[in-house]
Amino acid sequence: MRSTKRSRLSRWVRWAAATLLAAALGVYGFWVASFFLLKWLDPATTAVQMERRLDALWLGKPYRKQYKFVPLKRISPDLQHAVVASEDERFRQHSGIDWVELRKVIEQDLERGKRPSRGASTISQQLVKNLFLSTSRSGVRKVLEFAIVPAAEAILGKDRILELYLNVIEWGPGIYGAEAASQAYYKVPAARVNRDQAARLAACIPAPSRRRPAAMGNLAEIIQVRMRQMGF
């Protein structure tokens, strides 16, 4: 009798494991297929954009989405450079995960006797989060980012990743992408954003719900220093 129960339990465990593996592979396959589509097609929305809309509905707050996708060539080089300098200085050197920066962050936090407080997220990781995941901070989300990012890098390439990133990220309540942000804050298209405006917009990216370009003078100066150091 015990042998029979163990045999049934073993079969159930194997079935459950096989089902979970099949589901995981199916989801991963969906993400990979999505990257092939995103190589040529511009996204109509993202997971984070849908999350913000649902949050507004849940809280009973008004919500107006401003989002217009534009090609990379119609985004000011100053804005492109400011975002890279601010968010991911080694964007062109790493393969989606910046192991050099990640090690620095972990070592610094360990020296302070703290758990790792920031993930040294690259532009590629942030893009994956925006497209498919959420703004919630969790170990599961980080694991998923690490799993998906290599496919994004291999399929999309750096220029398309930067183009998608600049077009989908949040820049304020309901404001998504460089074109919408430029129009909302400076009344100009993204192609005409100047160096100071670009640095101020880049400074808002880590906390778009709280930061506004007009109040980002000090951070904008730091970003412009980084831009000069990087040759921009």
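Predicted model: local features only at pLDDT ≥ 70, side-chain atom pairs only at ≥ 80, totals over all residues.
Visitor: What makes the pair of Phe 35 and Phe 132 edge-to-face?
Guide: The ring centres of Phe 35 and Phe 132 are 5.5 Å apart, with 75° between the planes. Rings pair if their centres lie within 6.5 Å, and planes over 60 degrees apart count as edge-to-face. Phe 35 belongs to helix H1 and Phe 132 to helix H5, so the pair ties together parts that are 97 residues apart in sequence.

Visitor: Why is the pair of Trp 99 and Phe 146 called edge-to-face?
Guide: The centres of these two rings, Trp 99 and Phe 146, lie 5.7 Å apart and their planes stand at 70°, so this pair is edge-to-face. Trp 99 is in helix H4 and Phe 146 in helix H6, 47 residues apart.

Visitor: How do you know that the charged end of Lys 158 sits over the ring of Phe 91?
Guide: The charged end of Lys 158 is 4.6 Å from the ring centre of Phe 91. The cut-off for this distance is within 6 Å, and the charge must also be within 35 degrees of the ring normal.

Visitor: What makes H3 roughly perpendicular to H7?
Guide: The axes of helices H3 and H7 cross at roughly 90°. Angles of 65 to 115 degrees count as roughly perpendicular, so H3 is roughly perpendicular to H7.

How values were computed
Residues numbered from 1 in each chain as written. Heavy atoms only, no water. Axes fitted to C-alpha atoms, helices over the stretch in contact; angles between N-to-C directions. Helix = DSSP H or I, 4+ residues; strand = E, 2+ residues; numbered from the N terminus. Parallel < 35°, antiparallel > 145°, perpendicular 65-115°, else oblique. Phe/Tyr/Trp six-rings, centres within 6.5 Å; stacked < 30°, edge-to-face > 60°.
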